[in-house]
Amino acid sequence: MDIASKELVTAGWILVLAYSAVILFFVFRGARKTKDINDYALGSLLFSPVAVGLSLAASMTSAATFIINPGFIAYYGLSAFLSYGIFLPVTAITSLIILTKRFRKHGTSVKALTMAQWMGTRYQSKGYSLFFAFLSLLLITFIVLICVGLTKVLSKTLNVDEFTILIGIVVFIFGYMMFGGANSMVYTNTVQAIIMLVVAFILLGSGYEHFSNGIDNFLNKLASIDPKLVQTTNDSSFLFRDYFEIIIAQMVVGVAIVCQPHIITKSLLLKSDSDVNKYLITASIVQMIFFLVVFTGLYARIEFPDLMVNGSALKLDGVIPAYVVRKFPVFVGLIVVMGLISAGISTLEGLIQSISTTITTDIIKPLFGKYLSTDENKSKSSLILINKIVIAVIGLISIYLSYDQLVNPKLSVGIFAQNGVYAYFSAAFVPILFGMFFKNVSRLSVVSASIVAIVVHFSFFYGHIKVPFSIATGENPGVAAAMAILSSVFVGVVIHLIQRRKSNV
């Protein structure tokens with residue numbers, strides 16, 4: 001299903017090659033400063049708070065926001081926009097502001113490179129650290145989402161089959177991430193965030209003509225396609241059926257979504273506490289603009305009212321790539337494609353860096369460190385080499401899982417990714433919350449809360465368990481995560497109070 005013009009294909013190849021060259025320049029520049037695994041994880045350079053804030057905004061609002069989630073809005077309308085464009089981002093940004101300052105205070109004092117290390121040092125448990133290191137493997141599902149999103153965009157832009165594009169993406173990005181780490185990431189993420197900001201305004205303004213006769217006219221166009229598109233709930237979807245799914249579940253998830261290593265550890269790149277406010281203001285404003293991009297899904301639905309293109313059905317994950325190729329002239333289309341690529345790569349870099357560092361320093365080193373050289377310099381070199389091998393293995397796994405999602409998605413790769421990522425931060429929420437706001441927290445309370453979160457999340461998701469007093473079920477990953485988080489908070493608080501009462505007796 002080739003929909004890109006020859007001019008766009010030619011210009012697209014020029015863009016991809018030029019973009020790749022710019023990224024490699026920054027990677028080379030950052031790699032020269034990467035001497036050991038600590039530099040790879042946190043960087044050794046001084047970055048401005050605005051640059052780090054832009055970097056966070058780019059890595060927190062990813063291909064999901066720019067490529068995948070607008071597809072849900074195109075399919076299910078206003079109810080999906082309220083869920084993904086309003087309630088989730090507002091609570092996520094509020095949570096980021098509150099949790100960042102507390103996390104930075106502890107993270108800098110213990111020199112934690114990863115979330116697993118933070119858990120281990122805060123609760124003085126190597127076993128708990130190892131538990132979270134293995135849990136971080138769930139974040140590979142998010143890598144898969146981004147690989148699928150990038151593949152869809154480039155495949156439609158270049159008129160090349162999806163499998164070939166997928167291989168090229170993984171080889172290139174995973175390849176250069178073996179060398180750059182945090183030093184190159186802040187450079188590349190900042191450039192990507194600026195491009196994404198430009199593209200966000202282009203996408204949000206791309207449907208301005210639909211408002212020429214007012215908002216009512218825009219809503220009437222949608223209603224004429226399907227009346228459910230303008231309703232605040234949509235029973236056609238298992239994601240937006242009632243207000244528990246649209247509001248409560250998304251707000252609970254929004255609060256906890258910050259508890260991902262590539263998000264909450266970003267503040268550790270700041271060299272001074274005085275930089276934190278400027279960093280948060282920059283990140284919050286830019287992120288909110290990025291989150292609103294999902295509104296473009298409504299424009300796409302007007303463009304493809306029957307969700308067909310050239311006689312073929314549009315898969316949810318392919319709606320925005322098709323809209324961009326169809327809607328924009330070559331030059332503007334190239335800028336938008338560059339923004340969509342930036343949205344994916346910025347988060348993908350953060351995930352590769354955080355997951356590989358976690359596997360290397362928190363799984364391989366503790367379990368097999370005795371086989372490393374006792375010479376400090378040789379040991380550092382060995383860990384850097386191991387980290388590169390780990391990245392290569394993650395790349396191979398990502399190719400396998402991404403291809404499966406391209407061929408056999410359950411509605412969208414977004415569902416696959418949410419299941420894994422939401423399970424991870426559901427388990428992380430209570431230990432991070434308690435660790436930052438409570439003193440003398442018992443290890444039993446947080447370990448129990450994490451285990452309960454994992455069990456409840458996967459039980460709800462795979463068992464399609466119904467939420468009491470609602471039509472929502474765990475088939476919706478957001479509902480499964482919300483129930484997991486609420487259950488783990490309850491268990492954590494109860495055990496914490498019991499343990500505290502025992503210690504006071």
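F72 and Y84 are both buried, a class that covers residues under 20% relative accessible area, with exposed meaning over 50% and partly exposed the range in between, for a 1.4 Å probe and protein chains only. The model is a predicted one, in which local features need pLDDT of at least 70 and side-chain atom pairs count only at pLDDT 80 or more, while totals for chains, interfaces and linings use all residues. Residues are numbered from 1 along each chain as its sequence is written, and side-chain values use heavy atoms, with hydrogens and water left out.

The structure holds 24 aromatic pairs, where rings of Phe, Tyr and Trp (its six-membered ring) pair if their centres lie within 6.5 Å, and where planes under 30 degrees apart count as stacked, over 60 as edge-to-face and the rest as tilted. One of these is the edge-to-face pair of F72 and Y84, at 5.5 Å centre to centre and with 65° between the planes. This pair links distant parts of the chain, since F72 belongs to helix α4 (residues 63-76) and Y84, 12 residues apart from it, to helix α5 (residues 78-110); helices here are DSSP runs of H or I with at least four residues, numbered from the N terminus. Ring pairs also join F72 and Y84 with Y75, Y76 and F240 in a cluster.

The pair of F461 and Y462 is edge-to-face because its ring centres are 4.9 Å apart and its planes stand at 90°. Within that pair, F461 counts as buried at 9% relative accessibility, whereas Y462, at 59%, counts as exposed.

Rings also meet charged side chains, where a charge sits over a ring if NZ of Lys or CZ of Arg is within 6 Å of the ring centre and within 35 degrees of the ring normal. The charged end of R122 sits over the ring of Y123, 5.2 Å from the centre of that ring, and K410 lies over the face of F238 at 5.4 Å from the ring centre.

The side chain of S356 reaches the backbone oxygen of I352 at 2.7 Å, and a polar contact of 3.5 Å joins it to the side chain of N387. Such a contact is a pair of N or O atoms within 3.5 Å; within protein, one must be able to donate a hydrogen and the other to accept it, and residues adjacent in sequence count only if both atoms are side-chain atoms.

Helix α15 (residues 296-303) is largely enclosed by the rest of the structure, because seven of its eight residues are buried, among them Y299 and R301. In helix α14 (residues 276-291) one finds N277, which counts as partly exposed because its relative accessibility is 44%. N277 and P49 are 228 residues apart in sequence, yet 8.5 Å apart in space, C-alpha to C-alpha.

Technical notes: Helices (H or I, at least four residues) and strands (E, at least two) are DSSP runs, numbered from the N terminus.
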